[in-house]
Amino acid sequence: MAKRIDVSGLNAYYGSFLAIEDISMTIEPRSVTAFIGPSGCGKSTFLRTLNRMHEVTPGGRVDGKVMLDDENLYGAGIDPVAVRREVGMVFQRPNPFPTMSVYDNVAAGLRLNGKYRKSQLDDVVEKSLRGANLWNEVKDRLNKPGSGLSGGQQQRLCIARAIAVEPNVLLMDEPCSALDPISTLAIEDLIGELKERFTIVIVTHNMQQAARVSDRTAFFNLAAVGKPGKLIEIDDTERIFSNPSVQATEDYISGRFG
Amino acid sequence: MSHATLHSRPASSLRGATLPKWFSWAVAGASAALGYGISAAAGLHSDIQWALIAALLFVGGSFAVSAKVEGRRQARDRTATSLVWVAFLLAVIPLASLTWETVERGIKVLDGYFLTHSMGVVADTEPGGGIYHALLGTLEQVGLATLISVPVGVLTAIYLVEYGRGRLAKAVTFFVDVMTGIPSIVAGLFVLSLWILILGMGYSGFAGSMALSILMIPVVVRSTEEMLKLVPNELREASLALGVPKWRTILKVVLPTSVGGITTGVMLAIARITGETAPVLLLVWGTNFINANPFQDPQASLPMYIYLQYTNGSEAAYDRAWAAALTLIAFIMILNLVARGIARWKAPQTGR
């Protein structure tokens, strides 16, 4: 069910401001692709173009092609809502729905889409929570509010919520930046398991994390503040961190920049 | 405070001389007594005068003593605190006195009989009778106004926060602002000319409800708008990223998260229109008899009842006016309590 993403000639704008320019890359199915680069270089913006969340921001607009297997996400007649069911997303700050219990949070995707059978809901919730390595910690408190969990648990709850709708691709926007090292480790282990089933794209500021979890790494940079962000290179993670083909990548990774 | 602590420098630079906790209360008590004494000696009879003297003595006295003992910074801090307390008392006194006055005068004839009988059986000048017809009228008129205003107001607010961009949204915001400032008599005159004079309908509770909605809608829009803006954008994005359509996101995520605040806003808006007299005077008239049908014929209402009883001028009518006023205040207070209860019950849970 994991699908390949093929991006070509993608530009994203905020109003008249060009945020990222001319990005082309291929993201392999059943692999983890990490995006690294300095703040403001457009990693998150690019990530959000992959499930059409970019256009939710006022003034957000995209041109170019994003192929999910053989379907262009920006093609005519494509429903952004349907795209987001295929391409799930986990955000930087854990954001469980505050009015819902742990159970309801995981079930939210199915319930709010109205396509579920009551009998299968329990199974989906348990499977998703197990998939997010959270089941053992919350199985006795499924009816307690989701916002009562710790930060790391909340983030895994959000991952469970995202995988409950069985997407093909899972986008993660700095999923560990608000978490302590132990919760981070739990999520990194989880990413390793999830890549068996999903195509995973992760934005991170933590170079070690990119090296630990990803198969491929893409380095983004921008020429100056106010200039659009660009993809500098994408390659196997091992190669990016040992012998990148572009000098800027090596400078960034080894801390010689600016 | 011993003499020594006042003049010797403290051993540690972090530790300064401090006045004991009861100091403020002592100064407050002393200045109240002193203020009363001064005004008695000077032959001033007004309560306001001695209270003002006491307030000045309290602020000045705590500053002077504190400046001497604790230093200028703490003295200024105490002055600010005292001013806040004085302002608080000034705000509370009229409220407390109004409540006291109403309860004292209103409790006389307020009983089960008063709440369950109309004025149809007694003359206005005689004791007896009650407010059942007025209570019923107020409940129906306010209920109808709420039924009209809440959907219109909440949907307008949803449009403004979730969809509104560009000129139309700006225009709507502007007109809501203008509507907030409409005097109630103008709203009444508008419905009078449109509904009764042009369309030729009769006086009825519903006509009054329409005027009340004009007053209520902007309040509902404003409070709902503020509550919707408080819902973190991350929740909307989380829902959208699950592939939930926007309208469902609003219905199932945004509204449930803010329903407590919206309810409070609606209740406050209801409280605001319940006491309106002008539109009722123009559109509903009043009657001494029970009229349960808000769509036909004049109806009574509490504000109108109070006005009519007061203008009647007899002793028994005065008592009834005060009792009706007490009922009105109690009604609004109960509404507020219910609103707080709902807000607390529906607030996003944080417990473990």
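**Where the two chains meet**

Start by selecting both sides of the interface: 22 residues of chain B are in contact with 26 residues of chain A, where contact means that the C-beta atoms of two residues, placed from the backbone, lie within 7 Å. This is a predicted model, in which local features need pLDDT of at least 70 and side-chain atom pairs count only at pLDDT 80 or more, while totals for chains, interfaces and linings use all residues. Residues are numbered from 1 along each chain as its sequence is written, and chains are lettered from A and ligands numbered from 1 in the order in which they are written.

Keep the chain B side and colour α10 (233–241) and α11 (246–274), each of which supplies at least two residues of the side that touches chain A. The largest share, 7 residues, comes from α10(B). Helices here are DSSP runs of H or I with at least four residues, strands are runs of E with at least two, and both are numbered from the N terminus.

Now colour that side by class: it has 10 nonpolar, 6 polar and 6 charged residues. Ala, Val, Leu, Ile, Met, Phe, Trp, Tyr, Cys and Pro count as nonpolar, Asp, Glu, Lys and Arg as charged, and the others, Gly among them, as polar.

Select A:N113 in helix α3 (residues 102–113) of chain A. Leaving out residues up to four places away in sequence, A:N113 touches B:G243 and B:V244. Is A:N113 buried, partly exposed or exposed? A:N113 counts as partly exposed because it has 16 C-beta neighbours inside 10 Å. The cut-offs are 20 or more other C-beta atoms within 10 Å for buried, 12 or fewer for exposed, and in between for partly exposed, with C-beta atoms placed from the backbone.

**Strand β6 of chain A**

Next, select β6 (residues 87–90) of chain A: A:V87 and A:M89 on one side and A:G88 and A:V90 on the other are all buried, so both faces are covered. In a regular strand the side chains alternate between the two faces of the sheet. One pair to display is A:V90 with its bridge partner A:M172 in β7(A).

**Chain B as a whole**

Buried residues make up 36% of the 352 residues in chain B.

Methods
Two strands pair if DSSP finds at least two bridges between them.
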